[in-house]
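Welcome! Please have a look at the structure first.

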Amino acid sequence: MEEKIKIHLEYLVNCSPKVLYNRLSTAAGLAEWFADNVTVKGKIFTFTWDATDQQAEKTLHKENKMVRYSWLDCEEEDCYFEFKINQDELTNDVSLIVTDFAEVEEEQEVRDLWDMQISDLKRILGS
């Protein structure tokens with residue numbers, strides 16, 4: 001099994017941490033920009049893209065600060081994606097930090113996908 005690399009991406013988002021957190025931590029919020037459809041039962045989120053389902057468990061969350069989803073069909077520990085919300089104390093700028101993992105040859109593809117997803121998120125937020 002090939003070693004995956006950790007990817008950190010940071011995006012400035014023009015909205016409050018509370019509004020942003022709602023889009024990152026709820027099925028309805030995620031369905032607006034992240035996947036074609038999202039359903040949730042307990043802590044298990046089912047993400048649908050092009051009629052393909054993937055399930056992840058919400059394993060960590062701090063209200064208005066961060067949320068982590070761990071893929072259920074994966075045994076390795078680097079099988080999660082995470083959103084962190086930072087608000088600069090001086091400027092009040094809100095940034096979204098995305099952590100994900102990719103195989104080396106897929107790194108650029110994963111980065112491009114996140115850029116596209118976050119661009120959709122910003123459009124929905126009017127940011």
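This is a predicted model: local features need pLDDT of at least 70, side-chain atom pairs count only at pLDDT 80 or more; totals for chains, interfaces and linings use all residues.

## How the helices cross

Two packed helices are described by the angle between their axes and by the distance between those axes. Here, H1 spans residues 17–25 and H3 spans residues 107–125, and the two pack at an angle of about 130 degrees with their axes 12 Å apart. H1 is therefore oblique to H3, since angles of 65 to 115 degrees count as roughly perpendicular and those over 145 as roughly antiparallel. As for handedness, H1 and H3 cross in a right-handed way.

## The largest pocket

H3 turns up again when we move to the largest pocket, where its six residues are the biggest contribution to the lining. Strand E6 (80–87) and strand E7 (94–103) also take part, and each of these strands, like H3, supplies at least two lining residues.

The volume of this largest pocket is about 610 Å³. It is lined by 22 residues, and those closest to its centre are Trp 71, Asp 100, Phe 101, Val 110 and Leu 113. What classes of residue make up the lining of the largest pocket? The lining divides into 12 nonpolar, eight charged and two polar residues.

Technical notes:
Residues are numbered from 1 along each chain as its sequence is written. Side-chain values use heavy atoms; hydrogens and water are left out. Axes are lines fitted to C-alpha atoms, for helices over the stretch in contact, and angles run from 0 to 180 degrees between N-to-C directions. Helices (H or I, at least four residues) and strands (E, at least two) are DSSP runs, numbered from the N terminus. Angles under 35 degrees count as roughly parallel, over 145 as roughly antiparallel, 65 to 115 as roughly perpendicular and the rest as oblique. A crossing is left-handed if the near helix is turned anticlockwise from the far one by less than a right angle, and right-handed if clockwise. On a 1 Å grid over the protein atoms alone, a cavity is a set of points where a 1.4 Å probe fits but cannot get out, and a pocket is an open set with protein on both sides within 12 Å along at least five of seven lines; lining residues have an atom within 4 Å of a point. Grid points are joined across faces, edges and corners, and a volume is the space filled by probe spheres set on the points. Ala, Val, Leu, Ile, Met, Phe, Trp, Tyr, Cys and Pro count as nonpolar, Asp, Glu, Lys and Arg as charged, and the others, Gly among them, as polar.
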